[in-house]
Amino acid sequence: MKPKVTFAYWGNYTIAFKTLFEQLGLEIIPPEKTNEIAIQEGAKISPELYCFPLKVNIGNYISAIKKGADTIFMWENIGGSCRQRYYGVVQKKVLRDAGFKVKVLNLNSKNLFSKIRELQRNNRISFWQIIRAFRFTLKELKFIEKLEEKAQHLRPREKIKGKTNEILRFAFENLEKIDNEREFLKFKKEIFKKISGIEIDKNKKIPKVGLVGEIYTVCDGAINFGIEEKLGREEIEVHREMDLTYHLKKGIFPWKDWIIQRKIMPYLRSTVGGHGRDAIKEMLDCVKNGFDGVIHLLPFGCMPEVTIRPILEKIHLESGIPFLSLSLDEQVAEAGINTRLEAFVDVVRNYHRSKKS
Amino acid sequence: MTIGIPRALIYWKQPHFWETFFEELGFKILLSPSTNKEIVEMGVKMADPETCFSQKVYWGHLLWLEGKCDLIFVPRLKAVAEHSFISHSRFARVTEEKLEYCPKFFGLPDLGKILVKTPILTENFDERKEKFEKTLERLGKKLNKKREEAKKAVKTAFLNEKELKEKERKEKFEKTLERLGKKLNKKREEAKKAVKTAFLNEKELKEKERKDFFEKINSKKSKIVLISHPYNLYDDYVNLRIKEKLEKLGAESIFIDEVPTKEETSDKKQEIWPKFHWEFGKEIMEKIQEILKYKITGVIEISSFQCGCDAVLKEFVEKEFKTKKIPFLYLLIDEHTGEAGFQTRLEAFIDTLK
């Protein structure tokens with residue numbers, strides 16, 4: 001019997017992950033988009049003080065398990081000092097204790113090849129198929145990130161409001177259906193053509209806001225209440241350096257970490273785990289490049305981000321750049337986030353105006 | 001010149017050690033008083049609202065010391081290298097594990113700098129950096145030996161040195177301390193002497209603790225094991241004098257770090273809990289294995305609110321006792337914890353034991 005595979009939802013990257021498993025010829029049950037119900041279900045059975053992403057992941061798994069999934073794929077981090085390291089074990093324990101009989105496959109950089117070998121043998125996947133699948137996935141990842149980046153630029157400038165979001169939604173919906181590379185390339189061209197067709201106001205002076213913080217909350221629009229879209233609607237450009245390719249590149253080239261450490265030397269002289277150092281560096285970059293504000297996103301109680309938050313506040317006091325820190329968990333309501341964002345938008349606009357004059 | 005030492009968090013890991021060390025170097029020591037309401041309030045006001053309670057207490061102590069001394073000592077504890085001996089495989093070998101402290105400890109000196117104006121004295125305590133094996137390999141290369149040969153030599157040397165291991169670890173630690181002494185413009189000999197007496201003081205205390213443990217375990221009262229970090233166990237204000245309260249209720253309390261550990265380690269227990277890269281995680285799990293050999297009546301785990309590491313640890317600690325059918329109570333402490341609520345829960349727990 002072939003395993004029915006599921007995995008956690010993570011923003012638009014979910015499409016790329018889905019392609020990966022489909023290309024490998026596995027039967028998959030894609031996770032639903034994270035919603036209120038999934039979060040509540042997950043929070044109910046997971047440890048109370050654990051960080052928010054774990055609760056969301058569990059919620060995703062539960063909804064997929066109810067649909068019939070029996071195997072869970074999970075990427076495990078074996079380096080670093082934060083709790084992400086124990087996600088695999090804790091998730092397994094939580095699901096077992098709740099009475100779900102599922103197989104949990106923990107992949108990490110150490111057992112990656114042996115696990116792939118195992119998969120190959122059990123499911124009769126050829127070597128070339130694996131390489132092709134990974135290549136296709138990486139291409140899709142890049143495409144998704146490019147689209148998101150373009151949307152950040154276009155949303156505040158577009159003449160007809162909502163055009164960019166419309167195209168984006170169309171693109172992601174259709175991207176899911178594509179299953180071979182040739183079709184994908186054609187589709188890519190078509191979408192880029194559509195995007196360049198959006199009329200924009202080139203002379204508009206637009207305030208720019210940097211989005212820093214924990215990678216999961218920053219990248220997933222379903223978790224952070226679509227913060228990028230909301231800011232775009234308020235005619236504010238969002239810049240975000242943190243994305244999946246950035247993270248992968250950091251894993252492959254260790255010297256990226258050393259460069260970051262050198263840049264943040266006056267503020268922090270050591271690693272604090274996770275993407276703690278990166279957030280400081282990104283904020284310093286924002287100050288340097290004349291941004292009009294910084295938003296810091298973190299799951300409630302995230303160890304590295306909480307540790308560096310006083311440092312970010314110090315940079316904010318030194319440079320005067322508007323700063324907003326939003327910690328997200330299952331009890332945060334959208335209305336609260338909206339109010340704070342509105343106030344922040346006013347501050348950003350004022351700051352932008354005062355800088356110009 | 002006076003050096004201030006906050007009586008919180010890291011201090012409780014090696015109490016008396018730092019004082020003796022600096023005193024031997026000829027400095028005056030200013031220890032912050034034991035935690036009281038004022039200190040906690042000061043810390044809570046200044047700290048980030050989402051950090052753990054223990055760290056808030058630490059900031060309180062730091063703020064108390066501000067202006068009262070010339071330097072405040074905030075070490076950056078990063079990693080300890082622990083050597084464990086694996087004999088189950090065909091090739092007996094010594095592996096070196098790099099165990100880290102809580103990531104919140106890494107940023108302490110930097111965050112302290114933001115908080116107080118008094119200059120902060122700090123040093124990196126990272127046993128990964130001062131490694132032994134790499135140098136030996138390079139030495140082998142210099143003597144025109146192949147890398148494999150050198151490696152083999154290193155391996156056998158390590159095997160022979162198993163007993164000396166602990167000493168060597170201490171020596172590495174001493175070197176770091178010496179560097180610290182140099183920072184304070186002291187001679188090497190002086191620093192060395194200070195280290196020695198500091199270690200001796202600690203050793204005597206350890207020996208006494210061991211004796212106490214066996215006395216306690218043989219007593220006829222109901223024995224309750226308290227599991228937590230040292231900074232929660234020994235700070236009487238933070239844990240709301242739990243030891244006193246338990247004594248009043250007629251129970252004997254045993255702190256988890258009083259439990260003597262044995263040298264032998266095998267990794268057959270790996271399936272029960274994951275390989276913790278946190279030093280205290282591994283220590284607590286190992287000590288739990290040890291304490292399960294004795295007869296105990298109940299277990300209480302104390303954890304400070306928003307402690308990230310405890311969120312992971314609790315899952316496995318709880319499982320360990322629940323499978324053995326030993327009563328288990330989980331208590332969360334923070335700045336709002338009321339004494340009355342605490343008392344009620346403890347009484348109820350003691351009643352269930354009877």
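This is a predicted model: local features need pLDDT of at least 70, side-chain atom pairs count only at pLDDT 80 or more; totals for chains, interfaces and linings use all residues.
## Nonpolar cores

In soluble globular proteins, nonpolar side chains tend to be buried together. In this model, the largest nonpolar core holds 148 residues. The members that touch the most others within this core are Val209(A), Ile280(A), Val294(A), Ile224(B), Val225(B) and Leu226(B). The element giving the most to this core is helix H3 of chain B, residues 53-65, with eight residues. Another core lies apart from it and has six residues, including Leu177(B), Leu180(B), Ala191(B) and Ala198(B).

The surroundings of Val294(A) can be described residue by residue. When neighbours within four places in sequence are left aside, Val294(A) is in contact with Val209(A), Gly210(A) and Val212(A), as well as with Met283(A), Cys286(A), Ile321(A) and Phe323(A). Val209(A), one of these partners, is also among the core members that touch the most others.

## Helices H12 and H13 of chain B

Two packed helices are described by the angle between their axes and the distance between the axes. For helix H12 (residues 279-291) and helix H13 (residues 308-323) of chain B, the axes come within 11 Å and cross at roughly 15°. Angles under 35 degrees count as roughly parallel, and H12(B) and H13(B) are therefore roughly parallel to each other. Their crossing is right-handed.

On the H12(B) side, the contact is made by Gly281(B), Ile284(B), Met285(B) and Ile288(B). H13(B) contributes Cys309(B), Leu313(B), Phe316(B), Val317(B) and Glu320(B). By class, this contact comprises seven nonpolar residues, one polar residue and one charged residue.

Gln306(B) is found in the loop between strand E10 (298-304) and H13 of chain B. Its phi is near 65°, a positive value in a residue other than glycine. Gln306(B) counts as buried because it has 23 C-beta neighbours inside 10 Å.

Lys325(B) is located in the loop between H13 and strand E11 (328-333) of chain B. Phi of Lys325(B) is near 60°, again positive in a residue other than glycine. Whereas Gln306(B) is buried, Lys325(B) is exposed, with 7 other C-beta atoms within 10 Å.

## Contact between chains A and B

In the contact between the two chains, 30 residues of chain A meet 21 residues of chain B. On the side of chain A that touches chain B, the elements giving two or more residues are helix H4 (87-97) and helix H14 (303-319) of chain A. H14(A) gives the most to this side, with nine residues. The residues on this side of chain A divide into 17 nonpolar, seven polar and six charged.

Notes:
Residues are numbered from 1 along each chain as its sequence is written. Chains are lettered from A and ligands numbered from 1 in the order in which they are written. A nonpolar core is a set of buried Ala, Val, Leu, Ile, Met, Phe, Trp, Tyr and Cys residues joined through C-beta atoms within 7 Å. A residue is buried if 20 or more other C-beta atoms lie within 10 Å of its own, exposed if 12 or fewer, and partly exposed in between; C-beta atoms are placed from the backbone. Helices (H or I, at least four residues) and strands (E, at least two) are DSSP runs, numbered from the N terminus. Two residues are in contact if their C-beta atoms, placed from the backbone, lie within 7 Å. Axes are lines fitted to C-alpha atoms, for helices over the stretch in contact, and angles run from 0 to 180 degrees between N-to-C directions. Angles under 35 degrees count as roughly parallel, over 145 as roughly antiparallel, 65 to 115 as roughly perpendicular and the rest as oblique. A crossing is left-handed if the near helix is turned anticlockwise from the far one by less than a right angle, and right-handed if clockwise. Ala, Val, Leu, Ile, Met, Phe, Trp, Tyr, Cys and Pro count as nonpolar, Asp, Glu, Lys and Arg as charged, and the others, Gly among them, as polar.
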